[in-house]
Amino acid sequence: MKHLRTSALAMACCGLLFNAPSAFASKDDDKDDDKKKKKTATAAKPVSPRGLMLANTCVGCHGQGGSSLGPATPTISGMAIDTFTDAMKAYREGKRPSTVMGRLAKGYTDEDIAEMANYFVTQKFVRVAQKTDPAKVKAGKKLHKDNCEKCHEEGGFKDEDGSSILAGQWLPYLQFQMADFNAKKREMPEKMAKRLNAMIKDNGDKSLEEVAHFYASQQDKKAK
Ligand code: HEC
Ligand code: HEC
């Protein structure tokens, strides 16, 4: 019973979330406002049979609904439409380093990507408990608060403005991404680069590992 009520509440809450951006629009300039409206409109579209069929080909690696069984394949459930689209196009154009996605993404048109984005955004991010180091998690939590929280909101649970969901993401995947960012193999926003470089300068290379452990350890919203 309790379960049923919780999911009804979650649905009510999501309805609110989809409507939310317009409430905050006054703070942003017009361009941002337009972008958010577009995102909301796309998110509301029902998933097409073709979208579902295409997304099914990703299950072998990314898991049911995009929730991966790890360890180097990220969970892609719940990725914001823009984040998903940017990632697929960056792979396709060889702008983002990869082991398999670069080759794979070449097989999809912009329309295919849009159909799949529309599917994955509706899927629940299912987190699997991972072994993390408590001392690193503790240090990483502070580093996150000081350097990363502005964009990776709510302990990394929220994909706002293309930042991806980090909470409960697979540790090896996070470690690879941090290494790629640090080696300048993967592009990041200028402001993130500033924060990341400052973090490493003040806390050493070990801080990359600590933030990765913190995000990987995040299982429950209350835990943050
Ligand atoms: C053979 C396994 C495999 C298949 C099949 C696969 N992926 Fe991936 N995917 C990966 C791996 C591994 C990564 C990490 C990047 C890399 O090394 O290629 C990844 C990364 C991604 C990311 C980036 C996630 C993030 O957090 O930025 C997206 C988006 C993605 N895949 C979408 C898809 C979609 C959509 C499909 C189906 C059309 C698909 N993948 C099929 C293995 C796979
Ligand atoms: C100014 C906003 C901003 C700040 C500050 C920021 N990030 Fe990011 N982060 C982003 C965006 C946007 C992306 C998506 C990058 C892309 O286009 O590939 C991202 C991507 C990432 C990813 C990869 C996610 C994935 O699914 O592949 C990791 C890991 C990450 N950030 C960690 C951090 C850490 C650690 C910090 C603090 C040191 C930080 N970020 C600070 C905006 C930010």
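How many nonpolar, polar and charged residues make up the shell around ligand 1? The points below take up this question and then turn to the protein chain, as seen in a predicted model.

1. The shell around ligand 1 holds no charged residues; by class, 12 of its members are nonpolar and seven are polar. It is drawn from 19 residues around the ligand, of which Cys58, Cys61, Ser98, Thr99 and Met101 come nearest.

2. As to the overall fold, the secondary structure of the protein chain consists of 12 helices and zero strands. Read from the N terminus, the order of elements is accordingly α-α-α-α-α-α-α-α-α-α-α-α.

3. The protein chain has 224 residues, and 28% of them count as buried. Among contacts in the protein chain with a separation of 6 or more, 75% join residues 24 or more positions apart.

4. Helix H8 (residues 134-147) packs with helix H12 (residues 206-217) at an angle of about 95 degrees, and their axes lie 7 Å apart. Angles of 65 to 115 degrees count as roughly perpendicular, and H8 and H12 are therefore roughly perpendicular to each other.

5. In this contact, H8 supplies Lys136, Val137, Ala139, Gly140, Lys141, Leu143 and His144. On the H12 side they meet Ser207, Glu209, Glu210, Val211, His213, Phe214 and Ser217. The residues of the contact of H8 with H12 comprise five nonpolar, five polar and four charged.

Terms used
Residues are numbered from 1 along each chain as its sequence is written. Chains are lettered from A and ligands numbered from 1 in the order in which they are written. This is a predicted model: local features need pLDDT of at least 70, side-chain atom pairs count only at pLDDT 80 or more; totals for chains, interfaces and linings use all residues. A residue is near a molecule or strand if its C-beta atom, placed from the backbone, lies within 6 Å of it. Ala, Val, Leu, Ile, Met, Phe, Trp, Tyr, Cys and Pro count as nonpolar, Asp, Glu, Lys and Arg as charged, and the others, Gly among them, as polar. Helices (H or I, at least four residues) and strands (E, at least two) are DSSP runs, numbered from the N terminus. A residue is buried if 20 or more other C-beta atoms lie within 10 Å of its own, exposed if 12 or fewer, and partly exposed in between; C-beta atoms are placed from the backbone. Two residues are in contact if their C-beta atoms, placed from the backbone, lie within 7 Å. Axes are lines fitted to C-alpha atoms, for helices over the stretch in contact, and angles run from 0 to 180 degrees between N-to-C directions. Angles under 35 degrees count as roughly parallel, over 145 as roughly antiparallel, 65 to 115 as roughly perpendicular and the rest as oblique.
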